[in-house]
Every structure is written in structure tokens, then in C-alpha cells.
Amino acid sequence: MWIKNIVLILVICIAANSPINGQVYFTKNGRISFFSKTILENIDADNNQVISILNLQTGALQFSLLNNAFHFPKAKMEEDFNEDYMESSRYPRSTFKGTIVDINKIDFSKDGTWPVNVSGELMIHGVTKNIVVPGKIIIKGEKISASASFKALPKDYNIKIPSIVSNKISESIDVTVDCLYQKK
Amino acid sequence: MRYIKLLLIIVLLADLFSEKIAAQDTTNLINQLEKETLKDKRVYTVATFKTTRIVDGQSSENLPANVLDVRISHRFGPVSSGAYNFFGLDNATMRLGFDYGITDNFMIGIGHSTYQKTYDAFFKIKLLRQSTGAVNMPVTVSFVPVIAINTLKQFDSVKTIFSDRTSLTYQLLIARKFSEKFALQIMPTFIHADNISFNHSKQNILAIGIGGRHRISKRVNINAEYYYQLPDTKASDSRNVFSFGVDIGTGGHVFQLDFTNSAGLTEKSFISETTGRWEKNNIMFGFNISRVFQLKEKH
């Protein structure tokens with residue numbers, strides 16, 4: 001009899017743990033863009049190869065991107081961004097690791113848009129900072145997408161902008177996140 | 001029953017740590033995805049040199065597509081000409097050039113030098129690109145042919161035709177960026193000299209160049225280049241050219257401050273017609289200004 005019980009418990013055990021895996025969503029082509037606005041020049045750059053993982057149960061949310069996958073309208077901007085500002089060969093990736101604080105209020109079985117708060121560690125240019133950012137989770141049928149926009153200051157991440165170009169690069173950069181997740 | 005108890009405890013523990021395990025899971029998963037995406041991505045090495053020239057000669061760098069580069073290069077007279085000529089600054093030669101990137105791997109350029117009233121034109125094509133990731137390529141290889149036409153008026157007694165005034169230079173540029181700080185380039189060069197610019201003993205000259213870049217700060221580089229002419233093809237009064245310079249780049253502009261023993265600014269003149277000697281202070285100070293314009297935005 002006890003063998004039967006063990007099997008039963010094992011089944012329960014596996015069943016209890018499997019939803020964790022079943023509720024992990026991911027994307028390999030999320031989009032993060034940023035925008036710098038000054039009187040002299042507007043700079044916008046796009047990265048469409050953002051990796052992100054979202055765990056619906058725990059609210060764990062992670063992003064990872066390659067800095068050299070940002071594309072700019074002008075080739076010279078892209079080179080300067082990687083060589084002089086981001087130092088992409090030294091710091092190839094920017095990452096975010098955090099949680100959706102209020103994940104529990106979301107009903108994933110219904111379509112809808114849920115405003116949420118995300119808190120965690122943003123790492124850019126080798127510097128990690130704790131941030132809290134408002135975002136949105138959008139549920140539409142089987143699809144889950146996440147979006148957010150926030151401001152980041154280059155000086156917070158030890159990115160120095162020389163005075164000669166300081167009137168062309170904003171002190172505060174608008175960052176926009178857009179990810180459409182699929183089930184793992 | 002003992003086993004069941006034990007199992008229950010394990011299940012409880014697993015539940016207790018499930019959150020932690022899940023967080024671990026996402027980290028492992030993201031690491032795995034990062035690796036996957038890197039594996040099938042070819043990462044090209046960029047900015048091997050700061051501009052499309054090392055000092056006078058071509059570097060393996062190409063202009064990106066739709067980018068126009070206006071280049072003004074000055075060379076003053078030899079420092080050895082003394083205080084009367086203000087150490088060379090009273091005499092200046094210059095080249096005005098326009099380069100344009102057709103694609104990221106193919107560029108063209110035209111220019112005019114006051115030295116021998118020379119017009120020149122070239123194209124540069126990348127045959128191989130240094131990369132890592134999906135394709136591991138150790139070097140960048142480019143091919144550059146240059147045509148230069150000396151339009152200086154000749155004495156009436158000397159009749160010249162177009163081909164007498166025309167020289168051709170073919171170069172292979174083999175470059176490798178070893179680190180963020182250091183890049184090296186080797187340039188096998190073949191020159192077919194014209195008949196009027198210089199007293200060449202042989203019209204076909206072979207040379208091998210070596211050039212390098214050392215980055216001393218984010219925006220400042222030291223560059224140097226040397227061309228060695230094979231002794232049996234070299235004209236007897238021609239010297240091998242050695243040049244070095246510092247370049248300072250600031251968002252679209254690059255300034256280069258150079259010292260060289262050559263007055264000429266086109267390939268055939270600085271590689272095969274240099275007469276200045278470093279040991280006799282026949283060196284010239286010069287500067288290049290490059291300004292790029294993106295003529296068509298990418299998106």
C-alpha cells in the first residue's frame with residue numbers, strides 16, 4: 001500500500017510544482033526604445049531583440065538586452081553610443097531583474113489591462129540601481145503583453161556626456177518597453 | 001509510513017522554496033536564452049580605426065551607407081626650412097576630398113591635391129569583416145584601387161598624353177582589432193607610377209605598409225603608419241614614408257594632427273615619391289579635418 005501512497009504523493013508533488021513552469025512566459029524579440037529630446041537634436045533608438053521572462057505566479061520579471069543591438073537613424077550615433085557612451089565591449093548587456101509587486105490582483109483568465117508597479121534592479125553601463133516603475137499588463141485571449149515607460153538619467157549610470165555635445169543629448173532619457181510574451 | 005512522512009516534508013520544503021526556485025528558474029532561463037541568441041548572431045567588430053584613414057593612407061574602416069565625409073587635409077612645409085619659413089607653416093599643401101558610403105561595405109571618394117595639382121578617385125570594398133559569434137572571422141580585408149592624375153603643366157617641349165599623367169595604386173588592407181585599445185593593419189601595395197611626377201627607375205613599385213591605432217582615451221587615439229618599398233623597385237632618391245598622428249573625435253568631427261616626411265597626400269605620392277628624411281628633420285606638420293553628414297536616415 002505504501003508504494004501506492006508514495007506514487008500518489010509524488011504525483012501531487014509534481015503537480016504542485018508544474019504550474020510554476022507552466023506560468024513562465026518569455027520573449028526573445030521584445031522592444032525597448034529610448035528617446036532624447038533637445039532643442040538641437042532628437043535622438044531615438046530601437047532594440048527589437050530584447051529577452052524577457054515573466055512568471056505569472058511569482059511576478060518575477062527579467063529583461064536582458066545587448067547594447068549593440070540598439071539601432072539609430074544615423075550610423076555615427078550608433079558608433080558613438082557603443083564606443084563612447086555605453087562602452088558596449090566592456091558592458092555588453094543592460095539588464096533588469098525585479099518583480100511585479102501587485103501581480104496577485106491580476107486575473108489572467110480575463111481580457112483586460114492592468115496597471116501594475118514593477119520594482120527591481122536596473123543595470124546599465126555596469127551600474128545597478130533600484131527603480132520602481134509603473135507599467136501595464138495587457139491580457140488578450142492567450143496573449144500577455146507588458147509595457148512601461150520611464151525616465152533614466154545617464155549620470156545615474158556613470159555615463160558622462162562631454163560638454164561639447166551636452167546641448168545635443170538630454171540629461172533625462174525617455175525609455176519605452178513593449179513586450180509580447182509567449183508561453184514557455 | 002516513515003517514507004510517507006519524509007516525502008511530505010520534502011513536498012512542504014519544496015513548496016516553501018518554490019518561490020525561490022521559480023526565481024532561480026527565471027534567471028537560469030534568461031541565461032539560457034542569452035546564450036541561444038548569441039549563438040546564432042554574428043557580431044561584427046566595429047570601429048577598428050576612428051576614420052577611413054590611418055594618417056595619410058586608407059584604413060580598413062568604411063563609411064556607413066549614405067554617409068558623406070568631407071575631408072580637408074593640410075601639410076605644411078618641412079620643419080627643417082627654419083624660422084624664415086616659420087618652420088614650414090609658410091608653405092602649405094592641401095587636399096580637399098569627398099567620400100561617400102554607397103553601402104556599409106562599399107565606398108567611393110574623389111579628391112584634389114594642390115601638390116602636383118593631382119586629382120584622385122578611389123573605391124574601397126570590404127571583402128571580409130572581422131566578427132565573432134555565429135561566424136568567427138579574425139580579420140577585416142578590404143581592397144582599394146586609387147587612380148591619380150597629375151595635371152601640372154609641362155614644358156612645351158615635353159609632349160604628354162593622359163596615360164603619362166596617370167598612376168594607379170592597388171592596396172589590400174588586412175586589419176585586426178586586437179582589443180578595445182589596439183588595432184593593427186598590414187597593407188600590401190602595388191603602384192603603377194606615372195611618367196612625369198617623379199624620377200622612377202621602375203614604373204611598377206611594390207610596397208608593404210604597416211599601420212596601427214592605439215586608443216589612449218575614449219576620444220583620443222594615436223595612429224602611425226609606415227610603408228616599406230621593396231628595394232629593387234624603389235626609386236633611388238625615394239624614402240620610405242613614416243607618419244604618426246593624434247586624432248580627436250567629437251560627435252561627427254574628427255581632427256587629426258600629424259607628423260610625416262611626405263608632402264604628398266595621394267597614395268602614389270606618399271608611398272613612392274617621398275623625399276623627406278626623418279633624421280634630417282625634413283618632417284612636416286599637418287592636420288586633417290573630417291566631418292560626416294548622414295544624407296539619408298536609416299529609419
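Okay, some housekeeping. Residues are numbered from 1 along each chain as its sequence is written, and chains are lettered from A, with ligands numbered from 1, in the order in which they are written. Since the model is predicted, local features need pLDDT of at least 70 and side-chain atom pairs count only at pLDDT 80 or more, while totals for chains, interfaces and linings use all residues.

On confidence, the model scores ipTM 0.74 and pTM 0.81. Chain B averages a pLDDT of 89, and 92% of its residues score at least 70; pLDDT, by the way, is the predictor's confidence in each residue, from 0 to 100. Where pLDDT is low, the predicted coordinates should not be read in detail.

Let's start with chain A. You'll find two helices and eight strands there. Going from the N terminus, the order is α-β-β-β-α-β-β-β-β-β.

So what do the eight strands of chain A make? They form a closed barrel, running β1-β2-β3-β4-β5-β6-β7-β8 with antiparallel pairing. From one strand to the next, the twist averages 25°; the axes behind that angle are lines fitted to C-alpha atoms, for helices over the stretch in contact, and angles run from 0 to 180 degrees between N-to-C directions. Two strands pair if DSSP finds at least two bridges between them. As a case in point, β1(A), residues 24-37, and β2(A), residues 42-55, run antiparallel and are joined by 11 bridges. Within that pairing, F26(A) has I53(A) in β2(A) as its bridge partner.

Now, the inside. Of the 184 residues of chain A, 26% count as buried. Buried means 20 or more other C-beta atoms within 10 Å of a residue's own, exposed means 12 or fewer, and partly exposed is in between, with C-beta atoms placed from the backbone. The largest nonpolar core has 26 residues, and Y25(A), V50(A), L54(A), L61(A), L65(A) and A146(A) have the most contacts inside it. Strands that each supply at least two residues of this core include β1, β4 and β8 of chain A. A second, separate core has 15 residues, among them Y115(B) and M284(B). A nonpolar core here is a set of buried Ala, Val, Leu, Ile, Met, Phe, Trp, Tyr and Cys residues joined through C-beta atoms within 7 Å.

Back to L61(A): leaving out residues up to four places away in sequence, L61(A) touches L54(A), G98(A), T99(A), I100(A) and V118(A). Touching, or contact, is when the C-beta atoms of two residues, placed from the backbone, lie within 7 Å.

And L66(A)? That residue is in β3(A), residues 60-66. L66(A) is partly exposed because 19 other C-beta atoms lie within 10 Å. Its contacts, again not counting residues up to four places away, are Q49(A), P92(A) and R93(A).

After α2(A) comes E87(A), with a positive phi, near 50°.

That takes us over to chain B. Here 12 strands close into a barrel, in the order β2-β3-β4-β5-β7-β8-β9-β10-β11-β12-β13-β14, and the pairing is antiparallel. Ignoring direction, neighbouring strands of this sheet are turned by 20° against each other on average.

Take β7(B), residues 140-150. Its covered face includes V144(B) and V146(B), while its uncovered face includes F143(B) and I147(B). β7(B) pairs antiparallel with β5(B), residues 118-128, over eight bridges, and there T118(B) stands opposite N150(B).

Last stop, A65(B), in the loop between β1 (42-44) and β2 of chain B. Why is A65(B) partly exposed? Because it has 18 C-beta neighbours inside 10 Å. A65(B) and K298(B) are 233 residues apart along the chain, yet their C-alpha atoms are separated by 8.9 Å.

Methods. Helices (H or I, at least four residues) and strands (E, at least two) are DSSP runs, numbered from the N terminus.
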